[in-house]
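User: I am new to this structure and would like to learn how to read its features one at a time. Could you take me through them, giving the general idea before the case at hand?

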Amino acid sequence: MTASTQAPALKRSPGLLGWLGVPIRLGLGALFLWASYMKIGPANGPQVFSGSINAYKLNLPEHLVVLATFGVPWTEALVGVTLILGVWTRASAAVVAGMLTMFIALGVSALNRGLSIKCGCFGDRTLLCEGGVSWCHVSQNAVFALLALIVVLWPRPALAIDRLAGRRCAA
Amino acid sequence: MSCCSLRTVMLQGIVLVALGTGLGLVDSVLRPIKLDRPAPPPIPTSTQGPATSPKPEVPAPGPGTSTTNPPAQPAPAAPKLTSGGPDKPVKPFDFTPVEKLGQGQVTVLQAKSLFDADAAFIDARRKDDYETLHVARAFRMDAKAFLNGDPVTLGLIERSRTIVVYCGGGNCDESENVARLIANSGYQKVYVMKDGIPGWEAAGYPTETGQGVQP
């Protein structure tokens, strides 16, 4: 009988990194949920966020601006929920890491072009970095991306629905 | 045996992104947005000022096209400073937090009336943007220069003089940052021209190129 014929997930300990991933998952999940709410929760949220996107002067076609305006926050909300619940944990963390990498690239691009604009990451609010887009925002996102990578790379998340469901990926 | 292959993670990630995008598309139908640029104010009939430099192309304030344009308003013969209504005076810039920003902002038309009244204009953009085009007789000062202890330029403006700060329009907030710093220095009459140089130029108001002048 091989390991693939039974569900050893519950028997194998998550390990230190598996438990370390719990606060990381919960923190990043809550962060992304809050970020998405600040973007699309208020009545004028999407309108304001579209302005933030336009401020980066990417010369995107109108339909892509609309797609980004709504697609980014809803994706943030979805992966926020899946991260907190521990569903498709590693994939959720990978999406988070990918989005943060995109935000880092946008921030660096804005800084190199000398744009003095608001981040738009959390609507009109800020988290740790005040003012317009700066290297503080880039560093902040880099730290979050590294934390997400920890969750991506460790296959046995603790306190995750993935484990309770006995999926092979949690083993 | 390694679990959860990279391919599985990637597929799940693609599904998550697709789901999020799909939810976003549904929301975009339920809550359509307008991707409009600030409409330039109408050119007043009594436009005056120093000679203008040859106008370059109007820089686009951002991507997207107008889906709707507010109707053009006729220029008043004697423009008054208003904020939200014809009888409410514009409050000079105060120390409100970012969430309440909006006070002290003037339209291009209102800024022009201040320009005609010899207000000092400050360009809060980078040096090369400023030298490409700026409001006539405006000089440049960004927040970093101010924080690095460069009050010399500002010291050349009397504290009783009105100051209008602008930058690139759109979501550019550098003008607000500089205006706040100036207001903190004791200047009482500080305004922000929210539509920035794109709105000013689109209205055909006086502009210059080059290194600029000191007041």
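Analyst: Let us begin with a term: a salt bridge is a side-chain nitrogen of Lys or Arg within 4 Å of a carboxyl oxygen of Asp or Glu. Please keep in mind that this is a predicted model.

User: How many salt bridges does the structure hold over all chains, and how many are counted between chain A and chain B?

Analyst: Over all chains the structure holds 9 salt bridges, while the count between chain A and chain B is 0. One example lies in chain B, where B:Asp116 pairs with B:Lys112 and the closest N and O atoms are 2.8 Å apart. These two partners belong to helix H2 (residues 108-116) of chain B, and because B:Asp116 and B:Lys112 are 4 residues apart there, about one helical turn separates them.

User: How large is the area buried between chain A and chain B, and which residues supply it?

Analyst: The area buried between the two chains is about 3,500 Å², with carbon and sulfur atoms giving 64% of it. In terms of contacts, 46 residues of chain A touch 36 residues of chain B. On the side of chain A, the three residues A:Phe70, A:Trp88 and A:Lys118 supply 17% of the area that chain A buries against chain B, which is more than any other three residues.

User: What describes two packed helices?

Analyst: In general, two packed helices are described by the angle between their axes and the distance between the axes. Here, helix H1 (residues 15-40) of chain A packs against helix H4 (residues 89-112) of chain A at an angle of about 55 degrees, the axes being 12 Å apart, and therefore H1(A) is oblique to H4(A). The crossing of H1(A) past H4(A) is left-handed. From H1(A), the residues A:Arg25, A:Leu28 and A:Phe32 meet A:Thr89, A:Val96, A:Met99 and A:Leu100 of H4(A), a contact made up of 5 nonpolar, 1 polar and 1 charged residues.

User: At what angle does H1(A) cross helix H5 (residues 135-153) of chain A, and which residues meet there?

Analyst: The axes of H1(A) and H5(A) cross at roughly 130 degrees and come within 9 Å, so H1(A) is oblique to H5(A). This crossing is left-handed. Among the residues of H1(A) that meet H5(A) are A:Leu17, A:Gly21 and A:Ile24, and those of H5(A) include A:Phe144 and A:Leu147; by class the contact has 9 nonpolar, 1 polar and 1 charged residues.

User: How do helix H3 (residues 62-85) of chain A and H4(A) pack?

Analyst: H3(A) and H4(A) pack at an angle of about 145 degrees with their axes 9 Å apart, and their crossing is left-handed. The residues in this contact include A:Val72 and A:Glu76 in H3(A) and A:Ser92 and A:Phe103 in H4(A), and the contact divides into 8 nonpolar, 4 polar and 1 charged residues.

Technical notes. Residues are numbered from 1 along each chain as its sequence is written. Chains are lettered from A and ligands numbered from 1 in the order in which they are written. This is a predicted model: local features need pLDDT of at least 70, side-chain atom pairs count only at pLDDT 80 or more; totals for chains, interfaces and linings use all residues. Side-chain values use heavy atoms; hydrogens and water are left out. Axes are lines fitted to C-alpha atoms, for helices over the stretch in contact, and angles run from 0 to 180 degrees between N-to-C directions. Helices (H or I, at least four residues) and strands (E, at least two) are DSSP runs, numbered from the N terminus. Angles under 35 degrees count as roughly parallel, over 145 as roughly antiparallel, 65 to 115 as roughly perpendicular and the rest as oblique. A crossing is left-handed if the near helix is turned anticlockwise from the far one by less than a right angle, and right-handed if clockwise. Contact means heavy atoms within 4.5 Å. Ala, Val, Leu, Ile, Met, Phe, Trp, Tyr, Cys and Pro count as nonpolar, Asp, Glu, Lys and Arg as charged, and the others, Gly among them, as polar. Buried area is the accessible area (1.4 Å probe) that two parts lose on being put together, summed over both.
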